[in-house]
Amino acid sequence: MEKTLKPKLKPGDIHVIINDWESKYIGEAKAYDATGKLLWKIPALCKGIEGARWSVRNGDTPPGLYLAGELFVTQPGESNQIWSAYGQNCIDLVEQENQETRYNRGGICWHGGGSAAPDPLADQQQLVPTLGCVRSHNGDLKKIVVPLLQALNAKGDRMWITVNQID
């Protein structure tokens, strides 16, 4: 695997490192401030329905550096299919190393939900594989990740996200 770029953090920026181990079902996302101080740690799943290959459609999340892009909030009038698949919050992950484009994998996000989960809208829903995105618990996104992203955006700061796929 190619070496992932490190983000150039400025004061106020946050770096989230998401580690996904092939030997463990659920990985973790850890957020650090620009000084390297750990802010929080939450479960994160980077498993795709097509298995441990990030070079195939619907495989595991492509590793590399991303910038947290647009936040999509599912609206009350949207279909149950959308709500179930993504939960309430979906953060676009903007590739920084051609890791999506190289494999024709555009559209990678970090979201909740889980159509195959017994209760995909629960705060602590079962984390099930995606079509290649990162999935975390709805409650963690709603209470921890999204408020931080919104605060960063309001100040003009950034959330950088590194996804690591570890054997």
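The model is predicted: local features need pLDDT of at least 70, side-chain atom pairs count only at pLDDT 80 or more, and totals for chains, interfaces and linings use all residues. Residues are numbered from 1 along each chain as its sequence is written, and side-chain values use heavy atoms, without hydrogens and water.

Eight salt bridges were counted (a side-chain nitrogen of Lys or Arg within 4 Å of a carboxyl oxygen of Asp or Glu). One of them joins Lys10 to Asp13 at 3.6 Å, N to O. Asp13 is buried, at 2% relative accessibility. Another joins Lys155 to Asp157 at 3.7 Å, N to O. Lys155 is exposed at 60%; Asp157 is buried at 11%. Shared partners link Lys10, Asp13, Lys155 and Asp157 into one salt-bridge network.

Lys142 and Asp123 also form a salt bridge, at 3.2 Å, N to O. This pair links distant parts of the chain, 19 residues apart. Lys142 lies in helix H2 (residues 138-155), and Asp123 in the loop between strands E6 (109-111) and E7 (134-135). Helices (H or I, at least four residues) and strands (E, at least two) are DSSP runs, numbered from the N terminus. Lys142 is partly exposed at 40%, and Asp123 is partly exposed at 30%.

His15 lies in strand E1 (residues 14-21). His15 counts as buried because its relative accessibility is 13%. Beyond neighbours within four places in sequence, its contacts (heavy atoms within 4.5 Å) include Pro7, Tyr32 and Trp160.

Terms used. Buried means under 20% relative accessible area, exposed over 50%, partly exposed in between (1.4 Å probe, protein chains only).
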